[in-house]
Every structure is written in structure tokens, then in C-alpha cells.
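We will go stop by stop, selecting as we go.

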Amino acid sequence: MNPSAAKHKLMNVLLAPIISEKSHQIGDKHNQFVFEVARDANKRDIRKAVELMFHVEADSVQVCNVKGKRKMFRQSPGRRPHKRKAYVSLKPGFDIDYAGTE
């Protein structure tokens, strides 16, 4: 795979940061950041994508699958889509600023 194709693949691994009260507490306590990632992404791809997009060094990556909740849509039962979350720990001295202000 040529380098530009590999870079393009890594750009599609991270879908969105998860910004919640729990993720904020984890970030303050353990220097971890939480992302929603593609369902087929592995730890190595997630680490490379975070390092590429935010110019930081990742220390470790933990991944968990979250099942979608069962909900009623009008009169019929349905289910929200499944998600995959990644908890990324950064090495000391590195930080991610979502606002983009430096």
C-alpha cells in the first residue's frame, strides 16, 4: 500500500471525540482521551491515527465495543447502531486541544 493510501485510511479511523462528563474526568485524572472509532479499526491503527492527526505520542490504547440501545421508533421496536470506543493514553508532556487554539 502506498504511503498516501495508508494515510487516507488512517484519516478515516477516528470518527469523533466523545466529550462527556465521564470522559472529561478520565482525561483530567489519567491523561486519556476518548474517541469514537471505526468498527474495523484495531489498536495499532488507532494509535497511528491519533499520532498523525494531533501530533502527539500515544502511550497505550484500550478499545471497547458498545452495543446500541433498544428503542421504540413510532410503533415498532428498533435499535440504535453499535459503536466502538477507544481510550487513548498520552505520554507525559503531550495534550490534545479540541478547540484548536495554541
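Select Asn31. At 22% relative accessibility, Asn31 counts as partly exposed; that class lies between buried, under 20% relative accessible area, and exposed, over 50%, with a 1.4 Å probe and protein chains only. Asn31 sits in the loop between helix 2 and strand 2. Helices (H or I, at least four residues) and strands (E, at least two) are DSSP runs, numbered from the N terminus. Check the backbone of Asn31: phi is positive, about 55 degrees, although Asn31 is not a glycine. Most residues other than glycine have a negative phi.

A word on the model before moving on. It is predicted: local features need pLDDT of at least 70, side-chain atom pairs count only at pLDDT 80 or more, and totals for chains, interfaces and linings use all residues. Residues are numbered from 1 along each chain as its sequence is written, and side-chain values use heavy atoms, with hydrogens and water left out.

Step to Gln32, in strand 2. Is Gln32 buried or exposed? Gln32 counts as buried, because its relative accessibility is 12%. Show its side chain and that of Ser89: a polar contact of 3.0 Å joins them. Such a contact is a pair of N or O atoms within 3.5 Å; within protein, one must be able to donate a hydrogen and the other to accept it, and residues adjacent in sequence count only if both atoms are side-chain atoms. Gln32 also stands opposite Ser89 in strand 6. Beyond four places in sequence, the contacts of Gln32 include Ile26, Gly27, Gln62 and Tyr87; contact means heavy atoms within 4.5 Å.

Now colour strand 2 (residues 32-37) and strand 6 (residues 83-90). They pair in the antiparallel sense over 6 bridges; pairing requires at least two DSSP bridges between two strands. Widen the view to the open sheet of 4 strands, ordered 1-2-6-3 with antiparallel pairing. Strand 1 (14-17) and strand 3 (58-66) are the edges, each pairing on one side only. Neighbouring strands here are turned by 30 degrees against each other on average, direction ignored. Helix 2 lies across strand 2 and strand 6, running at about 140 degrees to strand 2. Axes are lines fitted to C-alpha atoms, for helices over the stretch in contact, and angles run from 0 to 180 degrees between N-to-C directions.

Next, select helix 1 (residues 3-11) and helix 3 (residues 43-54). Their axes come within 9 Å and cross at roughly 95 degrees. That makes helix 1 roughly perpendicular to helix 3, a label for angles of 65 to 115 degrees. Show the side chains where they meet: Lys7, Lys9, Leu10 and Met11 from helix 1, and Asp45, Lys48, Ala49, Leu52 and Met53 from helix 3. By class, this contact has 5 nonpolar, no polar and 4 charged residues. Nonpolar covers Ala, Val, Leu, Ile, Met, Phe, Trp, Tyr, Cys and Pro; charged covers Asp, Glu, Lys and Arg; the others, Gly among them, are polar.

Go to Met72 in strand 4. Met72 is exposed, with a relative accessible area of 54%. Arg74 is in the loop between strand 4 (70-73) and strand 5 (76-79). Arg74 counts as exposed at 82% relative accessibility, and its phi is positive, near 60 degrees.

Finally, zoom out. The protein chain has 3 helices and 6 strands. Of its 102 residues, 27% count as buried.

Terms used. Angles under 35 degrees count as roughly parallel, over 145 as roughly antiparallel, 65 to 115 as roughly perpendicular and the rest as oblique.
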